[in-house]
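Please look through the sequence and the structure below before reading on.

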Amino acid sequence: MKQSIKYIALAAFALLSSCKDQLNITPEGAPSAQNFWKTKEDALKAEAGLYEKYNEEDYYGRGMFWFINASDDMVTGRNKPEADNIKNFNKNYIGGGYTESQWSMRYAIIKRANDIIKNVPGIPMDEELKKQIIGDAYFNAGLVYFQLAANYGNDKAGVPIVTPETDASAVIPRAKNVNENYDYIIQLLEKAVDHLPYFTDMKPADYGKAHKTAAWAYMSKVYLYKKDYANARKYADLVIGSGKHELVLTGFADVFKATNNWSKEYIWSVVCSPSVGGTGWGSKLPGVMLTNKGWNIYNGWGYYLPTKELYDSYEAGDQRREATILKTGDKFMYFGQERSFTKDGGATSDYQFKKYMEPFSYPNPIPLHVNPNGDNGTTDLNVPLMRYAEVLLIKAEAAIMTTGAGSGDTELNKIRQRAGLGIKTGMTMTDLKRERRNELAGEWADRHRDLVRWGDAEATYAKPLHDSQGKEIWAARAFNPQVHDVWAVPQREIDNSGGVIKQNPGW
């Protein structure tokens with residue numbers, strides 16, 4: 001987070017360490033009620049603890065992204081058997097290390113949020129600050145519940161609902177279906193809206209904390225996943241109508257410059273500030289996506305490489321393509337020098353995502369723009385989790401689904417014009433799907449989940465994936481929509497629950 005948030009977060013980490021058993025969510029070494037929850041400082045430390053896990057590799061750096069990597073937009077860049085099993089929907093990935101922690105880390109945040117909701121109201125402190133901290137807790141709980149529900153829940157079973165009133169020592173079974181989760185998430189986000197300020201009313205030292213339009217934006221996305229298109233449209237309209245946001249109009253590539261971390265397009269991000277202590281804070285996705293070994297200048301990891309299928313999906317003249325993808329021979333700036341893109345010798349694909357490369361472009365970017373530690377490739381770029389363009393896309397999709405072709409033209413044309421494309425009329429879901437794919441490629445918006453919810457995954461994954469030369473780099477995959485619409489519940493959560501938590505059928 002910003003420096004002030006960082007230092008508090010480090011203190012919170014010492015106080016609010018994560019749990020070892022997700023459903024027995026009492027943090028190890030946590031303060032007792034007798035010596036904590038007394039002062040404003042306690043409340044601020046607890047709030048900062050909501051963000052501590054954002055910096056963990058498996059949270060927003062790599063682990064959860066293996067699920068996104070299942071899409072047709074990218075392939076695993078290097079030989080990684082467990083990652084291959086995830087992408088191929090092979091249950092042998094269950095119990096491995098890459099995604100096993102997703103469940104427990106997010107329930108740890110829910111525990112922290114619940115503790116704030118229970119205890120902060122009783123602390124004598126400034127009422128406006130108290131209200132904001134409680135709103136931050138509601139927002140973060142709603143956000144991580146949504147990430148859990150969307151990945152693990154369907155009409156057969158949801159994920160456990162742990163409320164502030166739940167006995168933390170009890171084993172909680174799964175909700176009966178994912179809509180039960182979505183309804184609870186909406187309640188949390190509604191409460192967040194009631195408590196939170198607009199981003200424009202926040203002090204710069206608080207940038208990175210939850211705000212009102214972020215809660216509305218995620219409400220619109222939850223309703224979209226719920227297929228309640230009227231409400232998805234309603235809450236997207238609240239964001240749009242607030243007047244607080246607009247697209248970065250100087251060019252698509254400028255969205256991914258650190259100088260625009262807090263532009264009006266910002267809705268929600270993983271905040272990075274590697275100049276603070278030289279350790280980095282936020283997502284290491286820029287380093288993970290950088291070509292393996294970074295041409296022997298910086299330690300890129302070389303994962304999540306684009307495909308020819310993604311590259312070819314762009315219309316002629318779409319400026320987003322070159323801003324999103326590097327291909328062999330493309331010129332780019334790297335550590336102050338112009339280079340011609342070449343792939344690593346062992347790379348699966350001969351493309352690389354370019355979106356997160358701007359911090360690496362400067363002469364001597366370490367430590368101001370890039371983390372000195374190549375094993376923790378964070379940068380000063382806020383990696384976006386939700387931006388205003390996605391809100392426009394949600395509005396357009398919901399409009400098309402409720403009132404038909406053409407009803408999303410206003411929102412889609414704003415996005416198209418920014419990309420250097422001409423205005424179209426009568427756009428359909430086919431147009432919406434292409435615009436969503438091309439706008440959000442390589443981001444946390446998650447094309448895999450889009451393909452699943454649209455009913456397109458089975459047919460899409462039945463086709464192989466290719467490099468720029470047309471060479472097959474990933475074989476066709478068998479996707480069973482009755483099984484693979486959700487991911488496997490981590491085995492350790494089933495074991496820890498004594499079997500109360502059941503595995504998703506087929507896994």
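## Nonpolar cores and buried helices

Leaving aside residues up to four places away in sequence, Phe-139 touches Leu-189, Ala-192, Leu-196, Ala-210, Ala-214, Ala-215, Tyr-218 and Trp-268, where contact means heavy atoms within 4.5 Å. The model is a predicted one, in which local features need pLDDT of at least 70 and side-chain atom pairs count only at pLDDT 80 or more, while totals for chains, interfaces and linings use all residues. Residues are numbered from 1 along each chain as its sequence is written, and side-chain values use heavy atoms, with hydrogens and water left out.

**The cores**

- A nonpolar core is a set of buried Ala, Val, Leu, Ile, Met, Phe, Trp, Tyr and Cys residues joined through side-chain atoms within 4.5 Å, and buried means under 20% relative accessible area, with a 1.4 Å probe and protein chains only, whereas exposed means over 50% and partly exposed lies in between.
- The largest nonpolar core has 140 residues, of which Phe-139, Tyr-145 and Trp-268 touch the most other members.
- Helix H7 gives the largest share of this core, 14 residues; helices are DSSP runs (H or I, at least four residues), numbered from the N terminus.
- Another core, which lies apart from this one, has 11 residues, among them Trp-295, Leu-326, Phe-341 and Phe-360.

**Helix H17**

- H17, residues 429-440, has 12 residues and reaches 16 Å from its first C-alpha to its last, close to the 16 Å expected at 1.5 Å a residue, where the expected span is 1.5 Å times one less than the number of residues.
- Because 10 of its 12 residues are buried, H17 is largely enclosed by the rest of the structure, and the buried residues include Met-429, Leu-432, Arg-436 and Leu-440.
- After H17 comes Gly-442, which has a positive phi, near 75°.

**Helix H18**

- H18, residues 447-454, is mostly covered, with 8 of its 8 residues buried, and the elements that cover its buried residues include H4, H7, H9, H15, H17 and H19.
- At the start of H18, a side-chain oxygen of Asp-446 comes to within 3.1 Å of the backbone nitrogen of His-448.
- Just after H18, Gly-455 has a positive phi of about 80°.

**Gly-49**

- Gly-49 lies in helix H2, residues 40-49, and it counts as buried because its relative accessibility is 0%.
- Although Gly-49 and Tyr-388 are 339 residues apart along the chain, their C-alpha atoms are separated by 27 Å.

How values were computed
Helix = DSSP H or I, 4+ residues; strand = E, 2+ residues; numbered from the N terminus. Polar contact = N/O pair within 3.5 Å; in protein donor to acceptor, adjacent residues only side chain to side chain.
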